[in-house]
Amino acid sequence: MARRNFKVLYVSGEVSPFVRISALADFMASFPQALEEEGFEARIMMPKYGTINDRKFRLHDVLRLSDIEVNLRDKTELLHVKVTALPSSKIQTYFLYNEKYFKRNGLFTDVHNGGDLKGNTEKVIFFNVGVLETLQRLGWKPDIIHCHDWYAGLLPLLLKTVYASNSFFSDVKTVLTVHNVYRQGILPFKVFQKLLPEEVSSALYRAGDNVNMLYTGAEHADLLTTTSRLYADEIVGNGSDTYGLGTVVEERKSTFHGILNGIDTRQWNPSTDKLIKKRYAADRLEGKLDNKKALLDEAGLPFTEGRPLAGIIIGFDAFQGAELLKESLVKLVELDMQLIICGSGDKEYEKYFQDFAAEYPEQVSVRTDYADTLLHLAIAGFDMLLMPGRIESCGMLQLFAMSYGTIPVAYAGGGIVETIDAVTDRSGSGFLFYDYTADAFAGKVQEALDLYHDEERWLQLVLEAMGKDFSWKSSAGEYDQLYRKLLEE
């Protein structure tokens with residue numbers, strides 16, 4: 001019987017449904033709950049961005065978590081905390097807030113993923129220090145602080161420097177999970193130097209005048225993970241595609257583990273999903289067509305009997321496939337299908353896709369304001385999900401899609417190949433393309449369309465995809481073992 005006295009704090013810059021930038025948000029929506037079921041007490045901390053709607057998500061102030069002092073070397077800022085339960089669970093989620101940093105400013109950005117950098121580095125530092133100050137005020141001492149991506153990359157170093165002599169944090173272990181190797185938190189060193197003690201700033205990993213937050217976290221965390229075994233091997237063995245992170249991971253490969261993503265099969269289940277138009281299951285698939293019609297109506301596209309609908313859900317940047325999509329659009333619209341693009345990010349990509357959709361108003365639609373309801377409806381309503389991302393540690397969308405009988409067409413990078421069985425004459429759950437080119441992408445979509453028009457074979461494909469087990473059970477068990485081994489050391 002798993003012991004319940006171990007406590008884990010999960011720290012992330014995004015958690016669905018509150019904020020979604022990438023698959024990390026979907027991961028955070030279900031992973032802590034899966035570990036609670038293994039016997040750990042889980043809680044979450046994230047920033048309270050100004051975009052988060054307090055009323056919608058039932059956030060409330062906690063009086064004893066008000067006016068927490070966060071010392072930034074030459075000044076002190078006050079932190080306030082709001083709290084709610086993670087939807088579909090009882091996991092306490094704490095939102096760290098300061099009006100100066102979060103009221104008007106958007107999400108965390110760095111030098112490489114664009115955005116307004118004014119005050120952003122200070123905001124990131126404030127959040128990381130604020131996590132440790134909030135824990136002390138809360139009086140809840142975790143056994144493990146599990147950091148996710150660069151947003152929380154400063155925490156392992158803080159614990160080994162300025163907080164090392166603080167008895168509250170004695171024996172606290174840190175885990176860092178790399179979800180997006182290309183987002184590393186590249187931020188100007190001069191701000192860290194100004195706001196943090198010399199013992200911290202001198203230990204940061206630097207490249208020229210910038211700090212690399214993810215690399216810094218990977219150097220100092222007690223344990224490193226990523227979200228698939230194959231992707232872990234790629235990071236260790238192929239430094240050129242890791243944007244420099246492979247060096248530190250190679251040095252620490254004995255502490256580096258790849259564990260495949262899972263999904264919350266209670267939240268993502270077409271037979272029980274309250275966010276879709278009509279529920280359905282493998283033995284009553286007619287409801288999927290109702291969702292397709294509702295989605296087309298939502299997107300402003302006409303329904304035509306027998307015409308396939310493909311969808312794309314990406315962040316508008318080159319890493320997540322926006323450039324390949326841009327290069328492929330002309331080829332895709334020449335195919336006999338409709339296309340819905342859901343995403344946001346780089347405004348140049350956003351304008352390009354919207355202008356393109358305006359040229360093909362009955363075939364292409366772009367949505368940049370999609371929330372959870374549209375996300376669920378899209379996964380249920382698409383016939384196929386196109387995934388042009390170049391670097392994907394594992395991903396979650398293809399897991400959701402297959403569970404809903406929506407067939408993925410994806411680039412065979414990272415952990416994608418661990419979750420999709422490529423279609424053969426007899427079996428398969430999706431389509432994979434191996435050359436990262438517009439021709440290869442469009443060619444594989446054409447293959448999927450050809451099979452779509454073979455009703456008997458397509459039904460077989462849909463049923464095989466829906467029959468796969470993507471629950472967290474096996475992966476949560478692996479994390480359980482890693483956590484317990486780490487705590488025994």
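This is a predicted model: local features need pLDDT of at least 70, side-chain atom pairs count only at pLDDT 80 or more; totals for chains, interfaces and linings use all residues.
Biologist: How many Å does α13 reach from its first C-alpha to its last?
Modeller: Helix α13 covers residues 347-359, which is 13 residues. At 1.5 Å a residue, 18 Å is expected. The reach in the model is close to that, at 19 Å.

Biologist: How many Å apart are the end C-alpha atoms of α12?
Modeller: Helix α12 holds 12 residues, 322-333. At 1.5 Å a residue they should span 16 Å, and the model agrees with this because the end C-alpha atoms are separated by 16 Å.
The value is 16 Å.

Biologist: What arc around the axis do the buried residues of α12 cover?
Modeller: The buried residues of α12 are A322, L324, L325, S328, L329, L332 and V333. They sit on the same side of α12, because the arc they cover around the axis is only 150°.

Biologist: At roughly what angle do the axes of α17 and α18 cross?
Modeller: Helix α17 spans residues 438-452 and helix α18 spans residues 455-466. Their axes come within 7 Å and cross at roughly 110°. That makes α17 roughly perpendicular to α18, because angles of 65 to 115 degrees count as such. The crossing angle is roughly 110°.

Biologist: Which residues of α18 make the contact with α17?
Modeller: From α17, the contact uses A448, L451 and Y452. By class, the contact has five nonpolar, no polar and two charged residues. On the α18 side, the residues are E455, R457, W458 and L461.

Biologist: Is V175 buried or exposed?
Modeller: V175 is in strand β8, residues 173-178. Leaving aside neighbours within four places in sequence, V175 is in contact with I144, I145, H146, C147, A221, L223, T225, Y483 and L486. Its relative accessibility is 0%, so V175 counts as buried.

Biologist: How many Å separate the C-alpha atoms of A380 and L86?
Modeller: A380 is in helix α14, residues 372-381. With 0% relative accessibility, A380 counts as buried. Not counting residues up to four places away in sequence, A380 touches I276, Y280, K288, N291, Y404 and T406. L86 is 294 residues from A380 in sequence, and in space the C-alpha separation is 23 Å.

Biologist: What is the relative accessible area of Q33?
Modeller: Q33 belongs to helix α1, residues 23-36. Beyond residues up to four places away in sequence, Q33 touches S88, S89, I91, D264 and R266. Q33 is buried because its relative accessible area, under the 20% cut-off, is 8%.

Biologist: Where is I416, and how many Å lie between the C-alpha atoms of I416 and L399?
Modeller: I416 is in helix α16, residues 416-419. At 2% relative accessibility, I416 counts as buried. Leaving aside neighbours within four places in sequence, its contacts are M387, E392, C394, Q398, A410, Y411 and L432. L399 is 17 residues from I416 in sequence, and the C-alpha distance is 9.8 Å.

Biologist: R73 has a positive phi; is R73 buried or exposed?
Modeller: Phi of R73 is near 60°, a positive value in a residue other than glycine. R73 is in the loop between β4 (68-72) and β5 (75-85). Its relative accessibility is 52%, so R73 counts as exposed.

Biologist: Is D149 buried or exposed?
Modeller: D149 also has phi near 60°, a positive value in a residue other than glycine. The residue lies in the loop between β7 (144-148) and α5 (155-160). With a relative accessible area of 1%, D149 is buried.

Biologist: What is omega for the peptide bond from S16 to P17?
Modeller: P17 is in the loop between β1 (7-11) and α1. The bond from S16 to P17 is cis, with omega near 10°.

Notes:
Residues are numbered from 1 along each chain as its sequence is written. Side-chain values use heavy atoms; hydrogens and water are left out. Axes are lines fitted to C-alpha atoms, for helices over the stretch in contact, and angles run from 0 to 180 degrees between N-to-C directions. Helices (H or I, at least four residues) and strands (E, at least two) are DSSP runs, numbered from the N terminus. Angles under 35 degrees count as roughly parallel, over 145 as roughly antiparallel, 65 to 115 as roughly perpendicular and the rest as oblique. Contact means heavy atoms within 4.5 Å. Ala, Val, Leu, Ile, Met, Phe, Trp, Tyr, Cys and Pro count as nonpolar, Asp, Glu, Lys and Arg as charged, and the others, Gly among them, as polar. The expected span of a helix is 1.5 Å times one less than its number of residues. Buried means under 20% relative accessible area, exposed over 50%, partly exposed in between (1.4 Å probe, protein chains only). The arc is that of the directions from the helix axis to the C-beta atoms.
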